Amino acid sequence: MTVDRSTRAAAAGLSTPDGGRPVVELRGATLGYGGRVLWRDLDLDVAPGEFVAVLGPNGSGKTSLLRVLLGQQPLSAGTVRVAGEPPGRANRTIGYVPQQRALDPTVIMRGRDLVGLGWDGHRWGVGLSRIRERRRRVDAALAAVDALGYADRPVGLLSGGEQQRLRVAQALTGDPRLLLCDEPLLSLDLANQQVVSRLIDERRHTAGTAVLFVTHEINPVLPIVDRVLYLVDGRFRIGTADEVMNSETLSELYGTGVDVLRVRGQIHVVGAHSGLCEDQPHHLGEH
């Protein structure tokens, strides 16, 4: 039996998007520090439910783009809107999934309390209605990532994959229209990379949440990505994985010969005389 988005979202306690207008709108966006330009004249719309992977070498401005969307870093030129509002004012509609970093085993905070910070970590005051709403939101987010079974255990005793599931749940508690993911698969094994990717992909399909997914490794999300934004030394390309992840496009971006090989459904990038030679699937730097 096929269940539509509205039904599945309601079952998870989540709302559906209002559709129509892009969730992210960048026009002529330029960001620079001192005399260095990270990217210039970037025009980008991200539609509800769209999954955009953001790639590029260290220092290309991937994480800085997320900071712009969060209102933590102003543009040098151009305009940006998130859910129709200026950055910062729209943060209540944004969920953020950080890099996977193992928490200290001595941390005794329960999993559900970590998730709850996504709902009330920035709010003041308590009340019965707010407590009930918090419980509902947390339980819905935990259920969405299949983490209810360890929600009451200390997070410091959980595996890296379990901790990252909780971070995804934390990002979902505010029922976001936009998920900003900053290297969320880093340090995870292949199995947990697939789990976290599937959870994020399921969210955008059931609730129409737009996803900007910063990564140094496209292969774990290659089957689910809609478009790629590739940033290199002030330049960029936007398109499908086939349009961007090819020898001609990457050679032009890097200004040197780059070979892109596809082996068993994975992308491998080899840079001739450029320090880009890779023994592993695509990995051209992180931030």
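Student: How many bridges join strand 3 to strand 7, and in which sense do they run?

Tutor: Strand 3 and strand 7 (residues 210-214) run parallel, joined by 4 bridges. Pairing here needs at least two DSSP bridges between two strands. Strands are DSSP runs of E, at least two residues long, and helices are runs of H or I, at least four, numbered from the N terminus. Within this pair, valine 52 has leucine 212 of strand 7 as its bridge partner.

Student: What kind of model is this, and how are residues numbered?

Tutor: It is a predicted model, where local features need pLDDT of at least 70 and side-chain atom pairs count only at pLDDT 80 or more, while totals for chains, interfaces and linings use all residues. Residues are numbered from 1 along each chain as its sequence is written, and side-chain values use heavy atoms, with hydrogens and water left out.

Student: Which other strand pairs with strand 3?

Tutor: Strand 8 does, in the parallel sense, over 4 bridges. Leucine 55 has tyrosine 230 of strand 8 as its bridge partner.

Student: Is strand 3 buried or exposed?

Tutor: Buried means under 20% relative accessible area, exposed over 50%, partly exposed in between, with a 1.4 Å probe and protein chains only. In strand 3 (residues 51-55), 5 of the 5 residues are buried, so the strand is largely enclosed by the rest of the structure. Phe51, Ala53 and Leu55 point one way, Val52 and Val54 the other, and all are buried. For the whole protein, 49% of the 287 residues count as buried.

Student: What is the strand order in the open sheet?

Tutor: The 6 strands follow the order 5-6-7-3-8-9, and the pairing is mixed. Strand 5 (94-97) and strand 9 (235-239) are at the edges, each with a single partner strand, so one side of each has no neighbour in the sheet. Neighbouring strands are turned by 15 degrees against each other on average, direction ignored. Axes are lines fitted to C-alpha atoms, for helices over the stretch in contact, and angles run from 0 to 180 degrees between N-to-C directions.

Student: How does strand 9 pair, and what lies across it?

Tutor: Strand 9 pairs with strand 8 (residues 227-232) in the antiparallel sense, over 5 bridges. Valine 232 has arginine 235 of strand 9 as its bridge partner. Helix 8 (residues 247-254) lies across strand 8 and strand 9, at about 160 degrees to strand 9. Contact means heavy atoms within 4.5 Å.

Student: Where is aspartate 146, and what is its phi?

Tutor: Aspartate 146 is in the loop between helix 4 (128-144) and helix 5 (160-172). Its phi is near 55 degrees, positive in a residue other than glycine. Aspartate 146 is exposed, at 59% relative accessible area.

Student: Is glutamate 183 buried or exposed?

Tutor: Glutamate 183 is buried, with a relative accessible area of 2%. Its phi is near 50 degrees, again positive in a residue other than glycine. Glutamate 183 is found in the loop between strand 6 (178-182) and helix 6.

Student: Which residues of the second largest pocket's lining are closest to its centre?

Tutor: A pocket is an open set of points on a 1 Å grid over the protein atoms alone, where a 1.4 Å probe fits, with protein on both sides within 12 Å along at least five of seven lines; lining residues have an atom within 4 Å of a point. Here 10 residues line the pocket, and Leu190, Gln193, Asn219, Pro220 and Gln266 are the closest to its centre. Helix 6 (residues 190-207) gives the most to the lining, with 3 residues.
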